[in-house]
Amino acid sequence: MPPIDDPFVAVALGANQPSAAGSPQETLLAVQPLLEELFARWSAQQLRFCWSQLVETTPVGPVDQPDYLNAVVLVEGLKAPPSEAAALQLLDVLQGLEQQFGRDRSREQRWGPRSLDLDLLFWGELRLDHPRLVLPHPRLHLRTFVLAPLLEAMQGSAPP
């Protein structure tokens, strides 16, 4: 596991609707290299990525929807300290990637089906209570579909 003082970022991925890339599985596999590229461009540095496996999970919220595929990625090696401004900028970049895969947040049902969901779970020890973003994710501890992949990604993380 990374050291406690290493301000790594955790992002949860989920999908249960097809996108232009194909099925939810094809979508999550297609987004992985794009997400790594996005982080590298956003941070302007070399980073390490530790991915969980894709896991199939029952939806939370409306029950009349297909099962989800979920995963988590840990991003290690960010030199910039966590901050509100940087976290909101990262959120914008993540939501832009969601849009590339067909997500339209203005038209969707809360916790309903989606082609791609990217949730910023935490960034080091940053605590944020902003109207657009709460860190750490406020329901992280309640979601097995996030906790299990997060633990897997943490176990595969590079040693200090």
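Modeller: Arginine 103 is buried, as is aspartate 117. Please bear in mind that this is a predicted model.

Colleague: How far apart are the N and O atoms where the side chains of arginine 103 and aspartate 117 meet?

Modeller: Arginine 103 lies in the loop between H2 and strand S5 (117–123), and aspartate 117 lies in strand S5, so the pair ties together parts 14 residues apart in sequence. A salt bridge requires a distance within 4 Å. The side chains of arginine 103 and aspartate 117 form such a bridge, with an N to O distance of 2.6 Å.

Colleague: Is arginine 41, the partner of glutamate 37 in a salt bridge, buried or exposed?

Modeller: Glutamate 37 and arginine 41 both belong to helix H1 (residues 24–43) and stand 4 residues apart, about one turn of the helix. Their side chains meet in a salt bridge at 2.7 Å, N to O. Glutamate 37 has a relative accessible area of 45% and is therefore partly exposed. The value for arginine 41 is 56%, and the cut-off is over 50%, so arginine 41 is exposed.

Colleague: Which residue forms a salt bridge with arginine 132?

Modeller: Arginine 132 is partly exposed, at 41% relative accessibility. The closest N and O atoms of its salt bridge with aspartate 92 are 2.4 Å apart. This pair links distant parts of the chain, 40 residues apart: arginine 132 is in the loop between strand S6 (128–129) and strand S7 (134–135), and its partner in helix H2 (residues 84–100) is aspartate 92.

Colleague: Which element supplies the largest share of the lining of the largest pocket?

Modeller: The largest pocket has a volume of about 840 Å³. Of its 36 lining residues, Arg105, Arg114, Asp119, His137 and Arg139 are the closest to its centre. Strand S1 (9–15), strand S4 (68–76), H2, S5 and helix H3 (144–155) each supply at least two lining residues. The largest share, 5 residues, comes from S5.

Note on methods
Residues numbered from 1 in each chain as written. Predicted model: local features only at pLDDT ≥ 70, side-chain atom pairs only at ≥ 80, totals over all residues. Heavy atoms only, no water. Buried < 20%, exposed > 50% of the residue type's maximum accessible area, 1.4 Å probe, protein only. 1 Å grid on protein atoms, 1.4 Å probe; cavity = no way out; pocket = protein on both sides within 12 Å on 5 of 7 lines; lining within 4 Å. Points joined across faces, edges and corners; volume = space filled by probe spheres on them.
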